[in-house]
Protein chains: 2
Amino acid sequence: MAVYTHLTAAEIEGFLADYDVGELRSVKGIAEGVSNSNWLVETTQGRFILTMFEARTEAADLPFFLSLLDHLSAKDQPVPRTIHTHTGLQMRDVRGKPAALIEFLPGISIDEPEEPHAFEVGVALANLHLAAQDFPRLRKSSLSIPICVDMLHSRAGQFDAIDQQLAQILPDCGDHIRDILPTDLPQGTIHADLFPDNVLFVDGAVTGLIDFYFAYTGAFAFDLAVLHAAWSFALCDNTFRPDIGSALMAGYESRRALEERERPALPILAQAACLRFVATRVEDWFATPEDGLVRRKDPMQFAERLAFYAQSGDAPFQ
Amino acid sequence: MAVYTHLTAAEIEGFLADYDVGELRSVKGIAEGVSNSNWLVETTQGRFILTMFEARTEAADLPFFLSLLDHLSAKDQPVPRTIHTHTGLQMRDVRGKPAALIEFLPGISIDEPEEPHAFEVGVALANLHLAAQDFPRLRKSSLSIPICVDMLHSRAGQFDAIDQQLAQILPDCGDHIRDILPTDLPQGTIHADLFPDNVLFVDGAVTGLIDFYFAYTGAFAFDLAVLHAAWSFALCDNTFRPDIGSALMAGYESRRALEERERPALPILAQAACLRFVATRVEDWFATPEDGLVRRKDPMQFAERLAFYAQSGDAPFQ
């Protein structure tokens, strides 16, 4: 959701005093991010996003995320720079919670991508993988597939409260997917959550890749599978859009050719990617009251995509 | 709350196509407004607020609010202009709901005002009253004191669920306040909701008065009483700050001297102002789930201020 914590302008001015960013001119709490609070901050020197880290993001992981942004922006990737304090710190506490100031990037998210958008985001993801290859820090996923399978097992008795199809699609809560998932694929730093709302475009060009707070050290091909599962389905009826899927693949491979062992792994990786989003959405379903104020994301959206990938072999990745 | 409705970038681009404001460059849903959804929209030509009107704001009243902004900004008041479409319209529908594009104003809200802020906002309110004197449209309040008293009567049985003090402060739900409220005070267009978060400052100067969606044709002195009740109490312990109260009054009177019959009405008007916010907060208390995601405003904050005004006579208005 957004803006869990209320900060006064005075608190935000106090925060900014540690940075060389000029005087505060405007601040708006923004409705973005699922596990942190965000403000769009304008100063006499520019615009920034102030992110305060709430639940789910572990404070110990923040140096990984913020250093990754620094590493990637130093390599001219379209990611927001971390702004450092006068004394060189990447983050500081506000109200006892860690917070960071990052660059604001212009651009708009495309909800219904066309082929050229898909090609460009494929290129951008491959560029990210290449640029992060010498990033020295490591992070384990806190939402690995075994963890997601366990999350689903703990909720299996309540699946029918969401949709009776859910137990039919995931009768074993993903045990089989976990067990056959390849573990020897080329690895590096991956975004792991590159949904359309985390990609900004201006005039058809990617100007921003944002929200790296699920990034970890994992299989490049899994990141491509997340991208495929997140982008290639029509919003209106959740059907597969082969043109988008192909454009994502073509864009990615224009910069980084898949290795021989990666391509055959894509069907099972795509199922695993869907499983990961089903798991957190099932969790959120029961944690979030149905009051109309907070939009719950439908677990069935990715359950249906999982079923599609399970039935389709390698056809979606041609 | 904020952003009840999710709009895609394509929908926002479609909306902007009716305006001469350039190309969309960025859009962020913002966490402002209690009864509408707001987006901060950046185009190649500037920044704007797109407001979609949800519950509580009646579509029939929107021409009043939007024309008032046009009237006041034409008189150089620090209010956002309404941007008109190519064909001169002030609003249009998006997803079947009325929406308007208004100017973005820089500035920050001061949560803990100092005397100079209070003086300046007093000046600004008086300027608003003077500038709106020839505004030709009329609007009745949908939250008049008789309506608020009725709202409280309908919830009286549940007061103890909020706080046992509430029934002690308002044993008659405000019947007495309603009955003795003067009805012959000088009238005009009033803001009626000029809380600190609806006033923007840059370097100590008022740069923005925003959120006119409770404005109506009413007593100027009631608007001053709202200002007094909203600004003059310490956030930490809700005690009266006489320095702030005096600065508000001095600022207001520096531009518009109170008439003889207005001054003695202030103590009862201030109680009525508090009553109005107690009434809507009591309503919202029972309408809003206590889930930690939505901040419920505490009805007791204004119940305590009401009790203070009831006991203090005209001392707070010296």
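Predicted model: local features only at pLDDT ≥ 70, side-chain atom pairs only at ≥ 80, totals over all residues.

Leaving aside neighbours within four places in sequence, which residues is Ala221(B) in contact with? I found Leu185(B), Leu258(B), Glu262(B), Ala265(B), Leu266(B) and Leu269(B); contact means C-beta atoms, placed from the backbone, within 7 Å.

Residues are numbered from 1 along each chain as its sequence is written, while chains are lettered from A and ligands numbered from 1 in the order in which they are written.

Next I looked up two loop residues in chain B. Cys173(B) sits in the loop between α6 (164-169) and α7 (175-180) of chain B; helices are DSSP runs of H or I with at least four residues, strands are E runs of at least two, and both are numbered from the N terminus. Its phi is near 55 degrees, positive although Cys173(B) isn't glycine. Most residues other than glycine have a negative phi.

Is Cys173(B) buried or exposed? Cys173(B) is buried, because 24 other C-beta atoms lie within 10 Å; the cut-off for buried is 20 or more, exposed is 12 or fewer, and partly exposed is in between.

Ala192(B) also has a positive phi, near 75 degrees. I found Ala192(B) in the loop between β7 (187-190) and β8 (199-202) of chain B. With 19 other C-beta atoms within 10 Å, Ala192(B) is partly exposed.

Technical notes
Contact = placed C-beta atoms within 7 Å.
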